[in-house]
Amino acid sequence: MSEPITVTDAADPRLSDYTDLTDVELRRRREPAEGLFIAEGEKVIRRALAAGFRMRSMLLTAKWLGVMGDVIAETDAPVHLVEPALAEQVTGYHVHRGALASMERKPLPTAADVLDGARRVAVLEGLVDHTNLGAIFRSAAALGMDAVLLSPDCADPLYRRAVKTSMGAVFSVPYARLDPWPDSLAAVRAAGFELLALTPSGAEDFTVAKSHLLPRAALMLGAEGDGLTPKALAAADQRVRIPMAHGIDSLNVGAAAAIAFYAVNHG
């Protein structure tokens, strides 16, 4: 059991993992380099621990001591107790959930690792919005996708906002980077996957494509607005689209992913 230690100085080096959490560019560079990520809120912290991530430390306000008591009792990581105003000073925002944990990253698996035994995978190109990325992981977990493959320029699934939006689903869906891009898509096809590019142009409806009947399917989704690049589309085996009404030609990528994940599994 780790005994909570009260910290009163925002510059205390023991709080360094939690500094400037709102500085996206800084945290994007720093967290992977230092092998850490931040879990925010009781449920996300518990899900990270359940997924086997090791806790480096925890930062709490007093009202969360009771709620997190069993976690504190089982960890040997330092637990830092701070006033709400100090938590805001350190992190850069009002930590209304009152509980943060710095977690240690695991080595990222290879694409071959996550494809082994999988039947349904999502392939994401250029997804840089952490909220959309987190929503896609949450849908992937809920709707039966086995893994997620990311182009090199996709956002970090373990960035705080992505983790929070996914409600910890980033811990339960295996993911890997595909590099070089898009040449590595050939390895996905070689593993037995049909590459289905989600795009509104020159595509068949999911109902026509009967993608749910394919033994192995990799559903490709591009960034909000631009969609999949021409090179990615050229690498696909088939183009598919979601039928739409009232003259609407596209959906938010998170919403489109949820519909497509259901369709690729159930049709």
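Two strands count as paired if DSSP finds at least two bridges between them, and the exercises below apply this rule and a few others to a predicted model.

**Exercise 1. Describe the aromatic pairs formed by Phe-37 with Phe-171 and by Phe-137 with Tyr-175, giving the geometry and the place of each ring.**

Step 1. The structure holds four aromatic pairs. One of them joins Phe-37 and Phe-171, whose ring centres are 5.6 Å apart and whose planes make an angle of 40 degrees, so that the pair is classed as tilted.

Step 2. This pair links distant parts of the chain, since Phe-37 belongs to strand 2 whereas Phe-171 lies in the loop between helix 7 (160-166) and strand 8 (175-177), 134 residues apart. Phe-37 and Phe-171 are both buried.

Step 3. For Phe-137 and Tyr-175 the distance between centres is 5.6 Å and the angle between planes is 85 degrees, which makes the pair edge-to-face, the class for angles over 60 degrees. Phe-137 sits in helix 6 (residues 130-142) and Tyr-175 in strand 8, 38 residues apart, and both residues are buried.

Step 4. Finally, ring pairs link Phe-37, Phe-53 and Phe-171 into a cluster.

**Exercise 2. For the salt bridges Arg-46 to Asp-70 and Arg-105 to Asp-156, decide whether the partners are buried or partly exposed, using the cut-off of 20% relative accessible area.**

Step 1. Side chains of opposite charge can pair when their charged atoms come close. The count for this model comes to 14 salt bridges.

Step 2. The side chains of Arg-46 and Asp-70 meet at 2.8 Å, N to O, and they connect helix 2 (residues 42-50) with helix 3 (residues 69-74), the two residues being 24 apart in the chain. Arg-46 has 27% relative accessibility and therefore counts as partly exposed, and Asp-70, with a relative accessible area of 38%, is partly exposed as well.

Step 3. In the bridge between Arg-105 and Asp-156, the closest N and O atoms are 2.5 Å apart. Arg-105 is in the loop between strand 5 and helix 5 (111-115), while Asp-156 is in the loop between strand 7 (147-150) and helix 7, 51 residues apart. Because buried means under 20%, Arg-105 at 18% counts as buried, and Asp-156 at 14% is also buried.

**Exercise 3. Work out why strand 6 (residues 120-124) is largely enclosed by the rest of the structure, and which strands pair with strand 6.**

Step 1. Five of the five residues of strand 6 are buried, so the strand is largely enclosed by the rest of the structure. The cover extends to both faces, with Arg-120, Ala-122 and Leu-124 buried on one side and Val-121 and Val-123 buried on the other.

Step 2. Strand 6 pairs with strand 11 (residues 217-221) in the parallel sense over five bridges, and Ala-218 in strand 11 is the bridge partner of Val-121.

Step 3. Strand 6 also runs parallel to strand 7, to which four bridges join it, with Leu-124 standing opposite Leu-150 in strand 7.

**Exercise 4. Identify the residues of the nonpolar surface patch that includes Met-244, and locate Met-244 itself.**

Step 1. Met-244, Ile-248, Leu-251 and Ile-259 make a nonpolar surface patch of about 320 Å².

Step 2. Met-244 lies in the loop between strand 12 (238-241) and helix 11 (253-266), and at 35% relative accessibility this residue counts as partly exposed.

Methods: Residues numbered from 1 in each chain as written. Predicted model: local features only at pLDDT ≥ 70, side-chain atom pairs only at ≥ 80, totals over all residues. Heavy atoms only, no water. Patch = residues over 30% accessible without salt bridge, like charges linked within 9 Å, V, L, I, M, F, W, Y side chains within 5 Å. Areas by Shrake-Rupley, 256 points an atom, 1.4 Å probe, with all protein chains shown as cover. Salt bridge = Lys/Arg side-chain N within 4 Å of Asp/Glu carboxyl O. Buried < 20%, exposed > 50% of the residue type's maximum accessible area, 1.4 Å probe, protein only. Phe/Tyr/Trp six-rings, centres within 6.5 Å; stacked < 30°, edge-to-face > 60°.
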